[in-house]
Amino acid sequence: MKRFLLGDEAIALGAVNAGLSGVYAYPGTPSTEITEFIQNNAEARSRGIHSRWSTNEKTAMEAALGMSYMGKRAMVCMKHVGLNVCMDPFVNSSMTGVEGGVVVLVADDPSMHSSQDEQDSRYLGSFAMIPMLEPVNQQQAYDMMGYAFDLSEKFKVPVLMRVTTRMAHSRAVVEVAESAREENPLSYDAKARDWVLLPANARRKNDILVGNQPLFAKEAAEAGWSSLEIKNSPLGIIASGVGWNYVMETFGGNCPYSVLRVAQYPLSKEAVSTLASSCSRILVVEEGQPFIEQQIKGLLPLQWEVIGKENGGYLPRTGELTPDSVAEAFARLAAEAEGREYITREPVAVPQVVKPRPPALCQGCGHRSVYEALNKVLAGYDSPRVFGDIGCYTLGFLPPFQTLNSCVDMGASITMAKGASDAGHHPAVAVIGDSTFTHSGMTGLLDAVNENANITVILSDNLTTAMTGGQDSAGTNKFEAICIGLGVDPQHVKVVVPLPANMEEITRTIKEEIDYNGVSVIIPRRECLQTLARHKKESKKQLIAI
């Protein structure tokens with residue numbers, strides 16, 4: 001059966017058909033659509049596959065380990081910076097091992113379309129010493145899922161699958177199975193001596209993990225996802241992920257050079273050596289950081305020149321690879337081989353009509369009223385500082401508001417405001433969204449309460465995780481209770497409705513709480529316009545159906 005699927009959707013369907021029992025995730029572009037597909041998939045619903053959003057990536061990873069402990073197959077999905085949040089359970093899970101298969105799906109975002117950095121998750125998978133997969137197309141992404149769970153259960157370790165934005169968000173025709181594998185039965189085979197990481201157990205498990213490294217490499221070499229084609233040429237190519245597609249596109253599917261396609265890690269030393277024996281120079285084409293390029297430099301004698309992103313600058317070190325950037329690398333190599341100067345092509349001028357426009361808050365968005373009121377109040381103070389966070393409201397940094405002074409990572413607004421207050425600064429204001437607050441802001445608020453820090457927290461509640469498409473927010477209808485439970489004085493937990501008509505009340509409340517010497521929380525609450533429109537449309541459909 002053929003389906004026209006996004007890369008994310010191919011991964012999701014592959015997992016469902018591989019006997020998945022639960023997906024655990026926090027929404028983050030470009031990984032969000034995986035969980036959303038499973039939530040809306042008829043087979044997943046009929047089987048009762050767990051697919052509710054987790055509070056953050058750490059809780060998602062830990063819940064997946066709990067499901068694995070009981071013998072079931074679980075998948076954890078996140079974007080690359082989400083892997084940082086769950087590094088503690090992620091790394092330790094390579095030590096405990098797994099019972100039911102666990103696949104950690106990480107979607108990297110080169111060019112930072114919606115991210116703070118361009119980190120490459122392959123480094124973290126290698127750091128955890130677990131097998132890694134990197135599909136080169138949607139069909140391979142679908143096919144790999146069953147193998148990934150089998151591989152996880154074969155070696156009793158989690159498996160990391162890494163994709164990038166173009167793989168996640170592009171579509172292709174995928175041949176899929178017409179039926180799904182049965183889910184694993186509930187199992188009670190997990191042993192405490194494997195899962196309790198006291199030093200004596202951890203040392204034993206570490207020896208097992210290190211001892212399995214040659215087996216992981218052997219599996220990667222023999223599984224068949226990677227491939228090697230040898231031709232008589234002075235140049236050899238190593239390509240992974242979407243980079244392999246761009247190489248094939250450059251030459252119309254018939255590359256004149258020897259090509260090693262990498263889709264599984266650890267890298268096969270034998271395959272790299274065989275490729276090297278057919279050429280004197282190797283170009284590495286990979287999306288993200290020069291992970292493969294750096295590794296093979298340590299595998300080959302110095303007489304082989306390894307070029308790519310890091311050496312020679314044949315491919316851009318930052319941003320996404322494109323068909324044009326890969327084609328230009330080959331054009332430059334061809335010019336060098338012919339002894340002529342290569343002149344870099346001038347970039348094609350982008351017509352004004354298709355030039356990217358800076359993002360902006362939606363007209364009528366509640367965040368607009370919050371920033372308008374906050375700017376008005378702060379104009380009366382010397383050197384105020386507003387610490388921002390991750391979400392739609394980060395756009396308050398841009399004109400016309402230009403309110404925010406920082407945005408570092410999820411939850412940093414409250415703790416940075418506390419640190420500024422600790423340094424003696426006033427006023428120190430934190431702006432954080434509802435989903436981000438429950439993701440990683442609550443602990444910072446507890447720190448502030450414990451020291452009665454002189455900060456004002458604006459917890460902007462639009463009743464959803466708006467930036468990633470309107471997923472459920474974990475703390476909806478609980479925020480006042482959470483803040484009071486963490487120790488904030490109930491007299492200084494204030495709720496306002498962010499509308500232009502309420503501007504006098506909002507500004508007065510902000511001013512009062514900034515002038516209060518202690519921790520205060522203001523909760524501007526109004527539903528996101530996008531989800532409100534969606535809910536109204538759904539309600540109308542239900543009324544028509546009745």
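## Nonpolar cores

A nonpolar core is a set of buried Ala, Val, Leu, Ile, Met, Phe, Trp, Tyr and Cys residues joined through side-chain atoms within 4.5 Å. Buried means under 20% relative accessible area, exposed means over 50%, and partly exposed lies in between, with a 1.4 Å probe and protein chains only. The structure is a predicted model, in which local features need pLDDT of at least 70 and side-chain atom pairs count only at pLDDT 80 or more, while totals for chains, interfaces and linings use all residues. Residues are numbered from 1 along each chain as its sequence is written, and side-chain values use heavy atoms, with hydrogens and water left out.

The largest nonpolar core has 68 residues, and M75, I237 and L283 touch the most other members. Helix α8 (residues 138-155) contributes the most to this core, with nine residues. Helices (H or I, at least four residues) and strands (E, at least two) are DSSP runs, numbered from the N terminus. Contact means heavy atoms within 4.5 Å. Leaving aside neighbours within four places in sequence, M75 is in contact with residues including I11, V23, I38, L105, M145 and F149. A second, separate core of 45 residues includes L361, Y393, I432 and F479.

## Helix pairs

Two packed helices are described by the angle between their axes and the distance between the axes. Axes are lines fitted to C-alpha atoms, for helices over the stretch in contact, and angles run from 0 to 180 degrees between N-to-C directions. Angles under 35 degrees count as roughly parallel, over 145 as roughly antiparallel, 65 to 115 as roughly perpendicular and the rest as oblique. The axes of helix α6 (residues 87-96) and helix α11 (residues 199-211) come within 8 Å and cross at roughly 85°, so α6 and α11 are roughly perpendicular to each other. In this contact, S94, M95 and T96 of α6 meet A202, K205, N206 and L209 of α11. The residues involved are three nonpolar, three polar and one charged. Here Ala, Val, Leu, Ile, Met, Phe, Trp, Tyr, Cys and Pro count as nonpolar, Asp, Glu, Lys and Arg as charged, and the others, Gly among them, as polar.

Helix α11 also packs with helix α12 (residues 213-222): the axes come within 4 Å and cross at roughly 35°. On the α11 side the contact uses L209, V210 and G211, and on the α12 side Q213, P214 and F216. Four of these residues are nonpolar, two are polar and none is charged. Helix α12 also holds E219, which is buried at a relative accessible area of 15%. Apart from neighbours within four places in sequence, E219 is in contact with Y147, L151, K154, F155 and Q264.

## Salt bridges

Side chains of opposite charge can pair when their charged atoms come close. A salt bridge is a side-chain nitrogen of Lys or Arg within 4 Å of a carboxyl oxygen of Asp or Glu. By this rule there are 32 salt bridges. One of them joins the side chains of E134 and R122 (3.7 Å, N to O). E134 lies in the loop between β5 (132-133) and α8, and R122 lies in helix α7 (residues 121-127), so the pair ties together parts that are twelve residues apart in sequence. E134 is buried at 2% relative accessible area, and R122 is buried at 1%.

K418 and D422 form a salt bridge through their side chains (2.8 Å, N to O). Both are in helix α18 (residues 412-422), four residues apart, which means they are separated by about one helical turn. K418 is buried, with a relative accessible area of 8%, whereas D422 is partly exposed at 47%. R525 and E480 form another salt bridge, with the closest N and O atoms 3.0 Å apart. This pair links distant parts of the chain, 45 residues apart: R525 is in the loop between β18 (520-524) and α22 (529-545), and E480 is in helix α20 (residues 479-485). E480 is partly exposed, at 24% relative accessibility. Salt bridges that share partners join D108, D120, R122, E134, R162 and E286 into one network.

## Two further residues

V493 lies in strand β17 (residues 493-496) and is buried at 11% relative accessibility. Not counting residues up to four places away in sequence, V493 touches E480, C483, I484, V488, V521 and I523. V493 and V23 are 470 residues apart in sequence and 35 Å apart in space, C-alpha to C-alpha.

S273 is in helix α14 (residues 269-276) and is partly exposed, at 39% relative accessibility.
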